[in-house]
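Thanks, everyone, for making the time this morning.

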Amino acid sequence: MRTPAALLAAVLLVACTACSPGRGVDLGQGSGNLIAAIAGEPDQLDPHKTSAYFSFEVLENVFDTLVEPDADLNMAPALAESWDTAPDQLSWTFHLRPGVTFHDGSPLTADDVVYSYRRIIDEKLSTVDKFSAVTAVYAIDPGTVRISLSRPTPNLLTNLGGFKGMAIVSRRNVEDGSIATHPIGTGPFAFAGRQSGDSITLTANPDFWGGAPKLPGVTFRFISETSTALAALQAGEVDWTDAVPPQRVPQLEGDDSLRLARTPSNDYWYFALNAARPPWNDVRVRQAVAYAVDRPSIVQATSYGTAEANQLAIPQGNPWFTPYDRYSRDIDRAKALLAEAGAAPQRMDMLVTSEYPQTVTAAQVVADNLEPLGITVDIRTVDFATWLDEQNNGNFDMLMMGWLGNIDPDDFYYAQHHTDGANNAQKFSDPRVDAALDAGRSEVDPQARKRDYATAATLIADGVSYIFLYNPAVLQAWTPNLHGYEARRDKAIRFRDAALGGEP
């Protein structure tokens, strides 16, 4: 996730951070707020430092980016209302939308954009890969920002507009430390309060540059059990949820009491074997595991057929899709590869998290899959905060997770599989992959660029940096009284145009 990604989702913060003793926080019931049930709690509220999808679900409504993807995932104006590119494509000039203010009333200026990007670069935060070609970011005047590049960067707008970690923040909010407990953005909703373990409440920003939201606010409730979240929606206790049990989809598609969205996504789920640990550092051993994995069974067990099995990251139907089908299940081939490698692994430490129950389910399938190879899978189920720590520290043999919010092919592959990628927790390294990914970052001819990423993707799968599993559907449900909201392929949760009530 995101993911990861991509990436993805999140857990616990230990204190109630938005209120002082004796000061209540309106959690939305009876206030007219939209009540949204999400499957977990944000791990933190600093958009530059989280990689958790649960955090992004909330924070995308609080912060903005310079540009943003529209419904077709083309980059559109956001805080920048226009931009110019030099003929040599080595500098881009962005013209900020006039009159934008942060939630505390302070004006947005070019200095805020420069500070936000320099913070990511200087502190080497998780999205620093997006700035690999950037040589300078500076303010020409209070309303104009220029970015200088060492090479043409055809996906610069996508890099700046993918929300994960690219928000424009307030320098004062960061430097006084309050961004961790009371984030201040320019988005359609302002942070109002948090009850740890329960909910986060946002209130409408009447001065939002895109027009005041129709909702008075949004309350995000943390409901980890999908069946509980769905029951709360059907009982009228929540208005929207993305915690939809996939096994209930056929039944819900005929349920007039709610609206169900089932939208193809650009997300992907994967296994990663730790290439820094023997015997998984031998590509033949990783390939043996890839041949042993029963992808269709994992898809059925985790998504009840709502996802599409895929042996690469980018889904069919995407213009960057590359066909690949090397790893159909073949136990004899797997055994032969282990014998060739002189390897006989007996145990595997499989890292999963209960906050993504599909990882636990998939691990159980894999345990059965690997039994014919004489490998016992020790499933280690932890909370997501621990999962992140263990992944980042390399304390695993294999793990499962998803990568979310992908748009450009660079999003699908670079950070995860380049030798110097910020999210290459499995420590995969192949100079041919590095060369193809580096080429794709600067190639301006679309067809040549597609060939670069097809080469990289094939080598990544051949070398089993990841065992790609499937592309899930975006599953969301909401009350028929919610209007102006659309489920998106990139899983961006935007309530800026939503309204509750009668027909709009």
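What follows is a tour of selected places in this model, which is a predicted one.

The UniProt entry, which is unreviewed, carries the annotation "domain: Solute-binding protein family" over residues 75-423.

How many residues does the largest nonpolar core have? There are 124 of them, and the residues with the most contacts inside that core are F271, Y413 and F495. There is also a second, separate core of 33 residues, and L66, M75, V114 and V137 are among its members. If we go back to F271 and leave aside its neighbours within four places in sequence, its contacts include V293, I298, M350, A362 and V366, and also M398, L399, M400, Y466, I467 and L469.

Helix α8, residues 295-303, packs with helix α10, residues 357-370, at an angle of about 145 degrees, and the two axes are 9 Å apart. The crossing of α8 and α10 is right-handed. On the α8 side the residues involved are S297, I298, A301 and T302, and they meet Q358, T361, A362, V365 and V366 of α10. Sorted by class, that contact between α8 and α10 has five nonpolar residues, four polar ones and no charged ones. Here I would point out that I298 of α8 and both A362 and V366 of α10 take part in this helix contact, and that I298, A362 and V366 are also in contact with F271.

T186 lies in the loop between α4 (171-175) and β8 (189-195), and it counts as buried because its relative accessibility is 1%, where the cut-off for buried is under 20%. Not counting residues up to four places away in sequence, T186 touches a set that includes V62, F63, D64 and L79, the run V100, T101, F102 and H103, and also N205, F208 and W209. For a sense of scale, T186 and R432 are 246 residues apart in sequence and, C-alpha to C-alpha, 42 Å apart in space.

Q476 sits in strand β19, residues 473-478, and is buried, with a relative accessible area of 1%. Along the chain Q476 and D242 are 234 residues apart, yet their C-alpha atoms are separated by 4.2 Å. With residues up to four places away in sequence set aside, the residues touched by Q476 include W240, T241, D242 and V244, along with R259, L260, A261, Y485, A487 and I493.

Is D349 buried or exposed? D349, in strand β15 (residues 347-353), is buried, with a relative accessible area of 17%. Beyond residues up to four places away in sequence, D349 touches R277, D378, R380, N395, F396, D397 and M398. D389, placed in helix α11 (residues 384-393), counts as partly exposed at 46% relative accessibility. D84, found in strand β4 (residues 80-85), is partly exposed as well, with a relative accessible area of 43%. D84 touches S91, W92, T93 and H95, again not counting residues up to four places away in sequence, and its C-alpha atom is separated by 8.5 Å from that of H95, 11 residues apart along the chain.

Finally, some backbone details that deserve a look on the screen. A cis peptide bond, with omega about 0 degrees, joins P278 and P279, and P279 lies in the loop between β13 (268-273) and α7 (283-292). L73 has a positive phi of about 65 degrees although it is not a glycine; it is located in the loop between β2 (67-69) and β3 (75-77) and counts as buried at 9% relative accessibility. K427 also has a positive phi, about 60 degrees, without being a glycine. K427 lies in the loop between α12 (409-417) and α13 (431-442), and is exposed, with a relative accessible area of 53%.

Definitions and conventions: Residues numbered from 1 in each chain as written. Predicted model: local features only at pLDDT ≥ 70, side-chain atom pairs only at ≥ 80, totals over all residues. Heavy atoms only, no water. Axes fitted to C-alpha atoms, helices over the stretch in contact; angles between N-to-C directions. Helix = DSSP H or I, 4+ residues; strand = E, 2+ residues; numbered from the N terminus. Left-handed = near helix turned anticlockwise from the far one by under 90°. Contact = heavy atoms within 4.5 Å. Nonpolar A, V, L, I, M, F, W, Y, C, P; charged D, E, K, R; others polar. Core = buried A, V, L, I, M, F, W, Y, C linked by side-chain atoms within 4.5 Å. Buried < 20%, exposed > 50% of the residue type's maximum accessible area, 1.4 Å probe, protein only. UniProt positions renumbered as here; feature names shortened; annotations may be inferred.
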